[in-house]
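Q: I have this one open on my screen and would like to go through it piece by piece. Can we start with the strands and then move on to the helices?

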Amino acid sequence: MSAVAELVAAVDRLTERIARLERAAKKPPRRAWRPREVAAMTGIGYERVLELIHSGELGHIKEGRLHVVPDAEVQRYLAAAQTNQTEK
């Protein structure tokens with residue numbers, strides 16, 4: 001591949017990446033998460049997230065068999081956990 005062709009390909013890749021980023025920036029922020037997403041975001045194991053949901057320690061919305069955790073609940077739980085760690 002010639003240098004010009006490589007440069008054109010690189011510009012095309014950058015243009016596509018910019019377009020994807022612009023589309024992502026236009027999406028509204030997420031307001032709720034599935035338990036697996038909460039586990040991935042926080043580093044808490046999936047099974048532990050389910051335990052927190054079922055025990056009521058992590059607020060959620062139940063729709064049929066689906067549990068959805070509002071972002072505010074994730075932030076509240078993390079803040080409370082951090083406070084507990086600093087008090088020890």
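Q: Where does E63 lie?
A: E63 lies in strand β2, where strands are DSSP runs of E with at least two residues and helices are DSSP runs of H or I with at least four, both numbered from the N terminus. This is a predicted model, in which local features need pLDDT of at least 70 and side-chain atom pairs count only at pLDDT 80 or more, while totals for chains, interfaces and linings use all residues. Residues are numbered from 1 along each chain as its sequence is written, and side-chain values use heavy atoms, with hydrogens and water left out.

Q: Is E63 buried or exposed?
A: E63 is exposed, with a relative accessible area of 59%; exposed means over 50%, buried means under 20%, and partly exposed is in between, using a 1.4 Å probe and protein chains only.

Q: What separates the C-alpha atoms of E63 and A80?
A: The C-alpha atoms of those two residues are separated by 26 Å, and the residues are 17 apart along the chain.

Q: OK, back to the sheet. What order do the strands have?
A: The three strands form an open sheet in the order β1-β3-β2, with antiparallel pairing; two strands pair if DSSP finds at least two bridges between them. β1 (32–33) and β2 (61–63) stand at the edges with a single partner strand each, so one side of each has no neighbour in the sheet.

Q: How many bridges join β2 to β3, and how many join β1 to β3?
A: Three bridges join β2 to β3 (residues 66–70), and two join β1 to β3. K62 has H67 in β3 as its bridge partner, and W33 stands opposite V69 in β3.

Q: What sits between β2 and β3?
A: The two strands form a hairpin with two residues between them, and G64 in the turn has a positive phi of about 65 degrees.

Q: Which residues of β3 are on its covered face?
A: H67 and V69 make up the covered face, whereas L66, V68 and P70 are on the uncovered one. H67 is buried, with a relative accessible area of 11%.

Q: What does H67 touch?
A: Not counting residues up to four places away in sequence, H67 touches W33, R34, P35, I53, H54, H60, I61 and K62, where contact means heavy atoms within 4.5 Å.

Q: Switching to helices: which residues of α2 are buried?
A: In α2 (residues 35–42), P35, V38 and A39 are buried. Seen down the axis of α2, these buried residues fall within an arc of 100 degrees, so they line one face of the helix; the arc is that of the directions from the helix axis to the C-beta atoms. The face turned away from that buried side carries the exposed residues R36 and A40, and just after α2, G43 takes a positive phi of about 85 degrees.

Q: Why would residues three or four places apart point the same way?
A: An α-helix has 3.6 residues a turn, so residues at that spacing point the same way.

Q: And which residues are buried in α3?
A: The buried residues of α3 are V49, L50, L52 and I53. Seen down the axis of α3, they fall within an arc of 160 degrees, so they line one face of the helix.

Q: At what angle do α2 and α3 pack?
A: α2 and α3 (residues 46–55) pack at an angle of about 120 degrees, with their axes 8 Å apart; axes are lines fitted to C-alpha atoms, for helices over the stretch in contact, and angles run from 0 to 180 degrees between N-to-C directions.

Q: Which residues meet there?
A: P35, R36, V38 and A39 in α2 meet Y46, V49, L50 and I53 in α3. The residues of this contact divide into seven nonpolar, no polar and one charged, where Ala, Val, Leu, Ile, Met, Phe, Trp, Tyr, Cys and Pro count as nonpolar, Asp, Glu, Lys and Arg as charged, and the others, Gly among them, as polar.
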